[in-house]
Amino acid sequence: DDGDDPVPPTVYISALEQNYPNPFNGLTTIVYTIGDRCAVELGIFDPAGRLVRTIGQGERAQGRYSTTWNGKDNSGRAVSSGVYFCRIKAGKFQQTRKIIYMR
C-alpha cells in the first residue's frame, strides 16, 4: 500500500440554486450547476412569462457557475420592483426560481 487513497470523481448534478440576496436591491448572485456539457440558457422572466433579461447563453462544460443580475432588462433599463423568475434550461434539464426585486 502506497498510502494514497483514490479520489472519487466529482459528480455534478444540474441545478439552479436560490439567488442571494433575495429579496435584493442592486445586485443578486445566481449560482447554477451543469451536470454534462450542453447548451445552456439562463434568463430572467416577468410573472407573465416574458423574457426580461438574458443572463447567459451558450455551450457550457460540466461544473458550477456563478453570475449576477443587476435588476436591468436587456435594454439596460431598471425593472420595477416585484417578483421575477430565473429559469435555466441545460440540455433536457429545466428549473425556475423566484426572485424578488426591491427598488
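How many bridges join β3 to strand β6, and in which sense do the two strands run? In this predicted model, six bridges join β3 to β6 (residues 82–90), and the two strands run antiparallel. Within this pairing, Glu-41 has Lys-89 of β6 as its bridge partner. Strand β3 is also joined to β4 (residues 51–60), here by eight bridges and again in the antiparallel sense. Ala-39 stands opposite Glu-59 of β4.

An open sheet of three strands has the order β1-β2-β5, with antiparallel pairing. The edges are taken by β1 (15–16) and β5 (63–69), and each has a single partner strand, so one side of each is left without a neighbour in the sheet. Strands of a sheet pair through backbone hydrogen bonds, in either a parallel or an antiparallel arrangement. The antiparallel pairing of β1 with β2 extends over two bridges, and Ala-15 has Thr-33 of β2 as its bridge partner.

Thr-33 belongs to strand β2 (residues 28–34). With a relative accessible area of 8%, Thr-33 falls under the 20% cut-off and is therefore buried. When neighbours within four places in sequence are left aside, the contacts of Thr-33 are Tyr-12, Ile-13, Ser-14, Ala-15, Glu-17, Gly-63 and Arg-64.

Aromatic side chains were examined next. A pair of aromatic rings is described by the distance of the centres and the angle of the planes. The count comes to five aromatic pairs. One of them, formed by Phe-24 and Tyr-101, is tilted, at 4.8 Å centre to centre and 45 degrees between the planes. This pair links distant parts of the chain, 77 residues apart: Phe-24 lies in the loop between β1 and β2, and Tyr-101 in strand β7 (residues 93–101). Phe-24 is buried, at 2% relative accessibility, and Tyr-101 is likewise buried, with a relative accessible area of 6%.

Tyr-32 and Tyr-65 form a stacked pair, with 5.4 Å centre to centre and 15 degrees between the planes. Because Tyr-32 lies in strand β2 and Tyr-65 in strand β5, the pair ties together parts that are 33 residues apart in sequence. Tyr-32 is buried, with a relative accessible area of 4%, whereas Tyr-65 is partly exposed, at 24%. Phe-24 and Tyr-101 also belong, with Trp-69 and Tyr-84, to one aromatic cluster.

The loop between β1 and β2 also holds Gly-26. Gly-26 is partly exposed, with 33% relative accessibility. Leaving aside neighbours within four places in sequence, Gly-26 is in contact with Trp-69, Asn-70, Gly-71 and Tyr-101. Two of these residues, Trp-69 and Tyr-101, are members of the aromatic cluster. Gly-26 and Pro-47 are 21 residues apart in sequence, and their C-alpha atoms are 20 Å apart in space.

Methods: Residues numbered from 1 in each chain as written. Predicted model: local features only at pLDDT ≥ 70, side-chain atom pairs only at ≥ 80, totals over all residues. Heavy atoms only, no water. Helix = DSSP H or I, 4+ residues; strand = E, 2+ residues; numbered from the N terminus. Buried < 20%, exposed > 50% of the residue type's maximum accessible area, 1.4 Å probe, protein only. Contact = heavy atoms within 4.5 Å. Pairing = 2+ DSSP bridges. Phe/Tyr/Trp six-rings, centres within 6.5 Å; stacked < 30°, edge-to-face > 60°.
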